[in-house]
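Please look through the structure shown here before reading on. The paragraphs after it are meant to be read beside it.

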Amino acid sequence: MRRTTLTQFLVEQQRSARAIKPELRLLIEVVGRACKAIAVNVGKGALANMLGSAGTENVQGEVQKKLDVISNEILMEANEWGGHLAGMASEEMETIHEIPNRYPKGEYLLLFDPLDGSSNIDVNVSIGTIFSVLKSGDELGQVTEKSFLLPGTSQVAAGYAVYGPTTLLVLTVGTGVYCFTLDREMGSWVLTQSNMKIPHDTQEFAINMSNMRHWESPVRKYVDELLLGETGPREKNFNMRWVASMVADVHRILTRGGIFMYPRDARTPDVPGKLRLMYEANPMSFIVEQAGGAATNGHERILEVRPHKLHERISVILGSKNEVERVTSYHRAAL
Ligand code: AHG
Ligand code: MN
Ligand code: MN
């Protein structure tokens with residue numbers, strides 16, 4: 001059987017599909033390489049003192065785990081010198097990182113959540129990396145935080161890695177969604193699923209139920225109906241799954257359908273949700289839409305939301321199209 005590696009896939013996307021430029025190909029290869037390095041560190045766990053807290057907090061007031069910090073450094077170092085980027089931004093860095101003048105600069109902006117699902121690190125449950133690539137509208141080399149504040153529709157690539165029983169890289173450059181599995185012996189990403197599609201209907205939902213008493217009424221109404229099962233208005237039983245790593249929950253949905261929700265919460269009325277727009281919600285929404293699913297914040301398409309700040313948060317409802325549309329319609333009806 002002929003195996004297609006990530007490199008071959010990207011060359012084909014560049015040559016035949018003309019979907020990407022050589023610089024974007026290089027960028028994605030570098031991110032893929034960095035994810036391999038993160039996977040190696042994740043895999044060492046307690047043997048190399050990788051577990052536990054780093055003893056610091058990020059700009060969002062969250063305690064940083066050692067692997068949050070290490071993964072951020074790996075991505076930064078890997079991407080700084082290649083000449084394909086104008087700047088980077090990360091969940092773990094307060095502000096943007098401009099490419100230093102000693103290196104050539106490119107036209108792309110890279111945003112990442114270096115380690116998603118941090119609460120699962122110490123309990124050996126799947127975690128991941130999420131990334132988003134934007135094209136800078138500014139003159140080469142002139143980037144500010146404002147340069148990054150583009151809607152998700154401006155993304156030219158997005159992806160995530162899952163460090164689970166197998167290590168996966170899921171990628172879109174706007175021509176569908178492709179999944180690569182890391183061949184650990186060869187050290188290469190091998191294409192294992194083409195054109196992933198999310199079924200429009202599902203019987204599986206993912207939400208942190210412990211927050212139920214804080215949800216807004218449209219989300220409560222929707223979940224209440226699911227819980228009533230086949231004798232309720234939906235006339236079928238629903239199953240629930242919540243990994244608490246967005247990468248793992250989204251990957252399950254890409255594989256067999258489902259709906260994922262992290263809605264806003266009455267405890268913090270000024271904060272529109274927990275997840276971050278620029279490096280969690282946008283890349284995942286791009287991937288989900290490319291796989292035939294939908295992603296909204298209850299009111300509008302996430303990809304069309306205009307960001308106002310780098311670490312902006314947003315409500316996330318994504319996955320199987322018909323379910324996402326139903327929850328969104330409940331939000332509209334409540335206005
Ligand atoms: P991160 O580890 O990058 O901060 O992200 C964690 C996110 C996301 O992966 C997950 O869906 C959600 O937080 C889980 O939140 P709860 O612990 O509130 O369930
Ligand atoms: Mn995250
Ligand atoms: Mn993170």
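Predicted model: local features only at pLDDT ≥ 70, side-chain atom pairs only at ≥ 80, totals over all residues.

Residues are numbered from 1 along each chain as its sequence is written, chains are lettered from A and ligands numbered from 1 in the order in which they are written, and side-chain values use heavy atoms, with hydrogens and water left out.

The protein chain contains 8 helices and 17 strands; helices (H or I, at least four residues) and strands (E, at least two) are DSSP runs, numbered from the N terminus. Along the principal axes, its C-alpha atoms fill a box of roughly 65 × 50 × 45 Å. Of the 335 residues, 57% are buried, where buried means under 20% relative accessible area, exposed over 50%, and partly exposed in between (1.4 Å probe, protein chains only). Contact means heavy atoms within 4.5 Å. Among contacts between residues at least 6 apart in sequence, 63% join residues at least 24 apart.

Which residues coordinate the manganese ion (ligand 2)? They are D113 (OD), D116 (OD) and E280 (OE), at 1.8 to 2.1 Å. Donors here are N, O and S atoms within 2.8 Å of the metal (3.2 Å for Na, K and Ca); water is not among the atoms, so sites may look incomplete. Along the chain these donors follow the spacing D-x2-D-x163-E. Distant parts of the chain are linked in this way: D116 lies in strand β5 (residues 108–116) and E280 in helix α7 (residues 277–290), 164 residues apart. Both D116 and E280 are buried.

E91 sits in the loop between β3 (85–90) and β4 (97–98), while D113 is in strand β5, 22 residues apart. E91 is buried, with a relative accessible area of 5%, and D113 is buried as well, at 0%.

Next come the rings. Those of Phe, Tyr and Trp (its six-membered ring) pair if their centres lie within 6.5 Å; planes under 30 degrees apart count as stacked, over 60 as edge-to-face and the rest as tilted. The count comes to 5 aromatic pairs. One of them, Y222 with Y330, is edge-to-face, with 6.3 Å centre to centre and 65° between the planes. This pair links helix α5 (residues 217–227), which holds Y222, to helix α8 (residues 321–333), which holds Y330, across 108 residues. Y222 and Y330 are both buried. The charged end of K221 sits over the ring of Y330, 4.6 Å from its centre; for this, NZ of Lys or CZ of Arg must be within 6 Å of the ring centre and within 35 degrees of the ring normal.

F9, Y178 and F180 form one aromatic cluster. F9 is also one of the buried residues of helix α1 (residues 6–15), together with L6, L10, V11 and Q13. The buried residues of α1 pack against α2 (22–44), β8 (167–172), β9 (177–183) and β10 (188–193). In helix α2 lies E29, which is buried at a relative accessible area of 16%. E29 touches T7 and L10, not counting residues up to four places away in sequence.

How many disulfides does a search of the whole structure find? The search finds 0, a disulfide being a pair of cysteine sulfur atoms within 2.5 Å. The sulfur of C179 is 13 Å from the closest cysteine sulfur, in C35, which is too far for a bond. C35 counts as buried at 0% relative accessibility, and C179 counts as buried at 2%.
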